[in-house]
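Let's take a walk through this structure together. Keep the sequence and the 3D view side by side as you read.

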Amino acid sequence: MSPEKTVRDVLCDGGEWIEVQGVKKHIAGYLKEFLFDPNMTEARIATLSGGERSRLLLAREFARPSNLLVLDEPTNDLDLETLDLLQEVIGDYDGTVLIVSHDRDFLDRTVTITLGLDGSGHVDVVAGGYEEWERQRSQREQPKRPVTNKANPVTPTPPPAPRAKLSYKDQRDYDLLPKRIEEMEKAIARNEALLADPNLYTRDFARFEALTKAIERERAEKEAAELRWLELAEQLEALG
């Protein structure tokens, strides 16, 4: 992922075709599967946004022949679009994926078996995601009901009603989006500075075009992220 390399260099060493799990695909079509404009084959890595670099890395890794993938905190620093894409490619992967993650919502959406570690040295093997592990663990740790005197039955005190709050995914988006928006603003400013070169159009038209399209995409992503954060902020305010 050297900044001076192109998307074509990263995916197929400068060629036109890439073999994905035994199937030969044209680079333009394969890029489209990972939400890229097919015309971005000559775009340099330096011009890509953080989300685009993450998607390109996913495209490269999932193309390699394998039957086992180990992903360590794969959702860190991913934008929402790339996060959805990652869930899809994991679901389509014809092999075993071992995921280490603290992202509970992501685990519930992707895994079929959970190895739960609670710090005690014991490992629970549960069919399902994080939520299922939590449910079984809470049942196991639930205290036994006290024996009551039938003559003077003890009326249990109802637990306090849980406070309304954002879902785990919404809270995660609310916490991470400000940093992501700031990164997009820096990427836009960086690409606009490169585009300000008066000789770029005639010297390297392909790069000029790639930068122009990258800025347009980044602005659209930034606007969508800002709207999403404002919606979540309103929801959080309404919850009190």
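Gly116 stands opposite Asp124, a residue of β6. What you are looking at is a predicted model, where local features need pLDDT of at least 70, side-chain atom pairs count only at pLDDT 80 or more, and totals for chains, interfaces and linings use all residues. Residues are numbered from 1 along each chain as its sequence is written, and side-chain values use heavy atoms, with hydrogens and water left out.

Back to that spot: β5 pairs with β6 (residues 123-127) in the antiparallel sense, over five bridges. Two strands count as paired if DSSP finds at least two bridges between them. The names come from DSSP runs numbered from the N terminus: helices are H or I with at least four residues, strands are E with at least two. Together β5 and β6 make a hairpin with five residues between them, and in the turn Gly119 has a positive phi of about 90°.

In a regular strand, side chains alternate between the two faces of the sheet. In β5, Thr114 and Gly116 sit on the covered face, while Ile113, Leu115 and Leu117 sit on the uncovered one.

Now hop over to β3 (residues 68-72). Its covered face holds Leu69 and Leu71, and its uncovered face holds Leu68, Val70 and Asp72. β3 runs parallel to β4, with five bridges joining the two, and Leu68 has Thr96 as its bridge partner in β4. To get from β3 to β4 the chain goes through α4, making a right-handed β-α-β crossover. Right-handed here means that, with the strands pointing away from you, the path from the first strand over the helix to the second runs clockwise.

Most residues other than glycine have a negative phi. Asp13 is exposed, at a relative accessible area of 74% (exposed is over 50%, buried under 20%, partly exposed in between, with a 1.4 Å probe and protein chains only).

Next, helix α3. Among the buried residues of α3 are Leu56, Leu58 and Phe62.

A pocket is an open set of points on a 1 Å grid over the protein atoms alone where a 1.4 Å probe fits, with protein on both sides within 12 Å along at least five of seven lines; lining residues have an atom within 4 Å of a point. The largest pocket holds about 690 Å³, a volume being the space filled by probe spheres set on the points. Of its 23 lining residues, Ile99, Val100, Leu107, Thr114 and Leu115 are closest to its centre. β4, α5, β5 and α6 each give two or more residues to this lining.

The second largest pocket, about 420 Å³, is lined by 23 residues, with Leu78, Asp79, Leu80, Leu176 and Arg180 nearest its centre. The largest share, nine residues, comes from α7.
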